[in-house]
Amino acid sequence: MPVVSGRVNAAAAAFAGVRDFYFSSRYAERRLAPDVCDFTFGNPHEMPLEGMVGALRDKLTPRDKNWFAYKTSEREAQEFLAEAVGRELELAFEPADFALTTGAFTAILVAFHLVLDAGDEVIYSEPAWFCYGPMLLGANCVPAGVPLRRPNFDLDLAAIEARIGPKTRMVIVNTPHNPTGRIYDRDTLRELGELLDHASKRNGRRIFLLADEPYRRLRFDGRPFVSPAALYPWTLISYSWGKVLLAPGQRLGYLALSPLMLKEERKALQEALFSAQMALGWCFPNAVMQYAMADLDKLSIDQQALGRRRDRLMAALAPAGYGVLEPEGTFYLWSRWPEGNPQVLWNRLADRDVFVMPGSLMNAPEYFRMCLTASDRMVDRALPALIEAADIRP
Ligand SMILES: Cc1ncc(COP(=O)(O)O)c(C=O)c1O
């Protein structure tokens, strides 16, 4: 007799490739060994930011008896965000537009439960972050992947439009985009907003846009960023400090409502945020993370170093036969494998203790992703292995 729920089984099946890669692959065996060149997940490979340690230490000491009492989305944190994110995105947020969460993961979860009902369909573009599908299945909803347009991995608006059906309730746009590093421009996002508005009217039911923006601050060469929340009123933003601080274990983020939303809808969603978070298991960030938010918000990992690693890898890989796509943001480098069998090439690198994320985990087996949070030493050691692997014709 089955004991695990159907929805968890479905999520597990959709996540099996990533789970096996993390727990029981050649990568799993070697990932903690000394001198491994690990370009897989967005994890730190150097000591944490000093400022981050100071900000947390400062807020650890209780100032009053309620310091560690139950916390919801604390008013001070919401006020800070309304002002700071409002300035950043040039949008007139109210404090109540913000639900404080344990990272973007929970912000996405809250967004799903806030507006989706069982059986609703959610469209996202692939290759994609590998948790949208499992999270949707876990919420009893239907993931609907549509391909990004190659070779530059632009949003394919025609494909999104064609995929919209009567059950479509949400479209996810992740910008800057994991894994390709693309940042979608204003015209594309405006066009997407227009087509979602038409489709919503046709369906007689609002289609929401989830703007998943945890890499929003990580942009190369001073590139501009526009949030879909500034262009399509029915947008929810998910954000996390896990990327910009490179501390994904210290869970802090938020879900925000676009202030452009109609007054009544905005108010209804504002009022429902608490209930969604409570019903999902009190998914608010812990007290210390909320107190430290304003100080943490001033910090960032070394973006110049990310840029240098990007440039070094691109300069070496492109002439060796890799089809590297220049990332505009994020801390990833997305590349087509050189000629040959991707699995054999991945193993050639693994033989040299160089580990990259296979594109097969993101529905793009002829590609792979390298995370630029690897140290410079890892880049030094990996480059000869990457170049030699390309020379082999399996
Ligand atoms: C596109 C995208 N969204 C959301 C998340 C979740 O971020 P966090 O773990 O900081 O909540 C990630 C993490 O890799 C991501 O890449």
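Is Trp282 buried, partly exposed or exposed? Trp282 is partly exposed, with a relative accessible area of 30%; buried stands for under 20% relative accessible area, exposed for over 50% and partly exposed for what lies in between, with a 1.4 Å probe and protein chains only. The model is predicted, and local features need pLDDT of at least 70, side-chain atom pairs count only at pLDDT 80 or more, and totals for chains, interfaces and linings use all residues. Residues are numbered from 1 along each chain as its sequence is written, and side-chain values use heavy atoms, with hydrogens and water left out.

**Aromatic pairs**

- Two rings of Phe, Tyr or Trp (its six-membered ring) pair if their centres lie within 6.5 Å; planes under 30 degrees apart count as stacked, over 60 as edge-to-face and the rest as tilted.
- The count of aromatic pairs by this rule is 32.
- Tyr27 and Phe41 make a tilted pair, because their ring centres are 6.2 Å apart and their planes stand at 40°.
- Tyr27 belongs to helix α2 (residues 26-30) and Phe41 to the loop between β1 (37-39) and α3 (50-60), so this pair ties together parts that are 14 residues apart in sequence. Helices (H or I, at least four residues) and strands (E, at least two) are DSSP runs, numbered from the N terminus.
- Tyr27 and Phe41 are both buried.
- Phe98 and Tyr254 make an edge-to-face pair, because their ring centres are 5.2 Å apart and their planes stand at 75°.
- Phe98 is in strand β2 (residues 98-101) and Tyr254 in strand β8 (residues 253-257), so the pair ties together parts that are 156 residues apart in sequence.
- Phe98 and Tyr254 are both buried.
- One aromatic cluster is formed by Phe15, Phe21, Tyr22, Phe23, Tyr27, Phe41, Phe130, Trp346 and Phe355.

**Charges over rings**

- A charge sits over a ring if NZ of Lys or CZ of Arg is within 6 Å of the ring centre and within 35 degrees of the ring normal.
- Arg206 lies over the face of Trp234, at 3.4 Å from the ring centre.
- Arg310 lies over the face of Phe220, at 4.4 Å from the ring centre.

**Salt bridges**

- The whole structure holds 33 salt bridges, each a side-chain nitrogen of Lys or Arg within 4 Å of a carboxyl oxygen of Asp or Glu.
- Arg26 and Asp351 form a salt bridge, with the closest N and O atoms 2.8 Å apart. This pair links distant parts of the chain, as Arg26 is in helix α2 and Asp351 in helix α12 (residues 342-351), 325 residues apart.
- Arg26 is partly exposed, at a relative accessible area of 33%.
- Glu79 and Arg75 meet in a salt bridge at 3.1 Å, N to O. Glu79 and Arg75 are four residues apart in helix α4 (residues 75-89), so about one helical turn separates them.
- Glu79 is partly exposed, at a relative accessible area of 39%.
- Arg216 and Glu213 form a salt bridge, with the closest N and O atoms 2.9 Å apart. Arg216 counts as buried at 0% relative accessibility, and Glu213 counts as buried at 0%.
- A network of salt bridges links Asp58, Lys59, Arg63, Asp295 and Lys298.

**Location of Trp282**

- The loop between α9 (263-279) and α10 (287-296) holds Trp282.
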